[in-house]
Amino acid sequence: MRDRLNDLRTNRDHLRRKLLLEPRGHASLTGALLFRPVDPEADYGVIFMTAGGYSTLSGHGLIALTTALIKTGAVPADGPEVRIRYETVVGNVQARASVDEGRVLHVRFRNIPSFRLHKDLEIDYRGERILVDVAFGGAWYAIASAESLGLSVTPGNAEAISDAGVAIRQAVADLVEVVHPEDDALAGLYGTIITERSAHDEFSVRSATVYAGGILDRSPCGSGTAAQLACLAADEQIGIGDTFSNESIIGSMFSGRIVMSEMVGALPSVIVEISGRGALVGMSQLFFDPADPYRDGFVLGHV
């Protein structure tokens, strides 16, 4: 799958640009390209794309993709639970969909090992010193509390949250090198998570994930949820079997549950199961006019 990803980047990036950039897409869109799997135990190979490039893993992408495959009939729903095994850039992930009379009630997937690399890393944020954690949940995230930034995670603060996420990501990148201890190719921060405690219960948060260019995730972010759970587990605030709820800036919800623990190199890690809902909202037929000067897509701002 990594060879295929490298080929996409080098030789076929026009596919991503044409599909995800304006005028057919937008800066916050995630795409999934399906392949025949290399691993015979997988059902599909998948590479996730964004307007800014490619992502190693997308939790909300897995939930949406699984929902779409079932709803379109590409994968038959022949029982109350449908399992789809995906081969991703970072390893195999199995999704399980709960189905009732053709309706996909929810999708859950068991993630690859998640762990914290840095706790309470002190960074400079606009002239003040704040503390952040750095954790891996399929991609790398810097995690900061909204309170330390003087923010709350609400739609009205979307612009301020985006600006803060970009500043924190850059400050962490300038201070430390972020590399997976067992895989040098998994390096570099993917995003920033700004989080605050929810009023629901002790195992609930409200969070916003910001990617390069200030792109703000509309979902609670699956790999980001796993990274947050890894931090909570490392601090012994949550244990195996406990359920954790993560609410996005628009109110959508993912739940996470630690199913087991193991080691990644010398670092303790957790295997997390993430659950959420997706919906099929349309099917499109796209056209690419050779005379259209914008047929390959365009971007306003930075992604």
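**Group meeting: a walk through the model**

Let's start with Arg257, which is found in strand 15, residues 253–264. Strands here are DSSP runs of E with at least two residues, helices are runs of H or I with at least four, and both are numbered from the N terminus.

A word on sources. This is a predicted model, where local features need pLDDT of at least 70, side-chain atom pairs count only at pLDDT 80 or more, and totals for chains, interfaces and linings use all residues. Residues are numbered from 1 along each chain as its sequence is written, and side-chain values use heavy atoms, with hydrogens and water left out.

Back to Arg257. At 30% relative accessibility, Arg257 is partly exposed. The cut-offs: buried is under 20% relative accessible area, exposed is over 50%, and partly exposed is in between, with a 1.4 Å probe and protein chains only. What does Arg257 touch, not counting residues up to four places away in sequence? Leu229, Gly241, Asp242, Thr243, Ile271, Val272 and Glu273. Contact means heavy atoms within 4.5 Å. Arg257 and Ala144 are 113 residues apart in sequence, and their C-alpha atoms are 21 Å apart in space.

Next, Ser223, in helix 6. Ser223 is buried, because its relative accessibility is 3%. Neighbours within four places in sequence aside, Ser223 contacts Leu57, Gly59, Gly137, Gly138, Ala139 and Tyr141.

Now Ile215. Where is Ile215 found? In the loop between strand 13 (204–211) and helix 6 (222–234). Ile215 is buried too, at 15% relative accessible area. Ile215 and Leu29 are 186 residues apart in sequence, yet 9.6 Å apart in space, C-alpha to C-alpha.

On to the helix pair. The axes of helix 1 (residues 2–11) and helix 2 (residues 13–20) come within 5 Å and cross at roughly 75 degrees. So helix 1 is roughly perpendicular to helix 2. Leu8, Arg9 and Asn11 of helix 1 meet Asp13, His14 and Leu15 of helix 2. Axes are lines fitted to C-alpha atoms, for helices over the stretch in contact, with angles from 0 to 180 degrees between N-to-C directions. Under 35 degrees is roughly parallel, over 145 roughly antiparallel, 65 to 115 roughly perpendicular, and the rest oblique.

Last, the surface. Leu15 returns here: with Leu19, Leu286 and Phe288, Leu15 forms a nonpolar patch of about 290 Å² accessible area together. Leu286 is found in the segment after strand 16 (267–276). At 37% relative accessibility, Leu286 is partly exposed.

Conventions. Patches are made of residues with over 30% relative accessible area and no salt bridge: like charges are joined within 9 Å, nonpolar side chains (Val, Leu, Ile, Met, Phe, Trp, Tyr) within 5 Å. Accessible areas come from the Shrake-Rupley method with a 1.4 Å probe; for residues, only the protein chains shown count as cover. A salt bridge is a side-chain nitrogen of Lys or Arg within 4 Å of a carboxyl oxygen of Asp or Glu.
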